[in-house]
Amino acid sequence: MPPPYPRRAQTPPQFTGPRYNEFIQSQKVRVIDENGENLGVMFTREAFEQAQQVGLDLVEISPNSDPPVAKFLDIGRFKYEAQKKANEQRKRQKTQEIKEIKMRPNIDDHDYDTKMKKVFEFLEEGDKVKVTMRFRGREMAHGELGMNVLRRVQEQTAEMAKVEAHPRMEGRQMLMVLAPK
């Protein structure tokens with residue numbers, strides 16, 4: 001017969017959200033009823049009993065004030081609405097991405113214009129743009145050509161973007177980062 005496995009100590013689940021009912025730790029709380037009227041400061045046990053008589057929970061709204069503020073609410077509904085509000089804020093939040101545009105030092109005018117349309121589009125959307133100038137073979141000896149193209153990009157985007165990272169060589173490419181103003 002194998003030896004029994006030792007049991008892990010059972011820890012209570014982490015408490016998330018506001019404290020409510022018997023989980024409120026302070027002795028006295030400032031109470032607000034379901035209609036939003038201030039009932040004044042009272043013992044937590046009394047307030048909890050009054051909330052039960054109304055059929056609601058006593059929820060700690062502002063735990064850092066002195067004394068803490070508690071309100072008569074339905075805790076399930078309160079948590080649901082708080083979660084819904086957090087999801088809505090997360091949905092509206094815009095994350096700034098870094099879009100990359102790759103060019104060559106001997107880029108033709110039409111190709112350059114097409115790439116610049118995309119640069120303007122990305123900047124209008126609020127994204128950063130990383131302009132990469134790629135050099136091949138003998139082009140490495142003519143870094144000034146790539147620098148001229150990047151200066152041209154910088155001049156054309158001066159109204160709507162600021163240069164976050166000035167042009168610099170990294171191996172066989174020259175990089176520049178533009179951020180929307």
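Val-131 is in contact (heavy atoms within 4.5 Å) with Ile-101, Met-103, Leu-150, Val-153, Met-174, Leu-175, Met-176 and Leu-178, leaving aside neighbours within four places in sequence. The model is predicted: local features need pLDDT of at least 70, side-chain atom pairs count only at pLDDT 80 or more, and totals for chains, interfaces and linings use all residues. Residues are numbered from 1 along each chain as its sequence is written, and side-chain values use heavy atoms, with hydrogens and water left out.

Val-131 is also among the residues that touch the most other members of the largest nonpolar core, together with Met-103, Val-129, Val-153 and Leu-178; this core has 19 residues. A nonpolar core is a set of buried Ala, Val, Leu, Ile, Met, Phe, Trp, Tyr and Cys residues joined through side-chain atoms within 4.5 Å; buried means under 20% relative accessible area (1.4 Å probe, protein chains only).

A second, separate core of 10 residues includes Val-29, Val-31, Met-42 and Phe-72.

Strand S6 also holds Lys-128, which is buried, with a relative accessible area of 18%. Not counting residues up to four places away in sequence, Lys-128 touches Gln-96, Glu-97, Ile-98, Lys-99, Glu-164, Leu-178, Ala-179 and Pro-180.

Note on methods: Buried means under 20% relative accessible area, exposed over 50%, partly exposed in between (1.4 Å probe, protein chains only). Helices (H or I, at least four residues) and strands (E, at least two) are DSSP runs, numbered from the N terminus.
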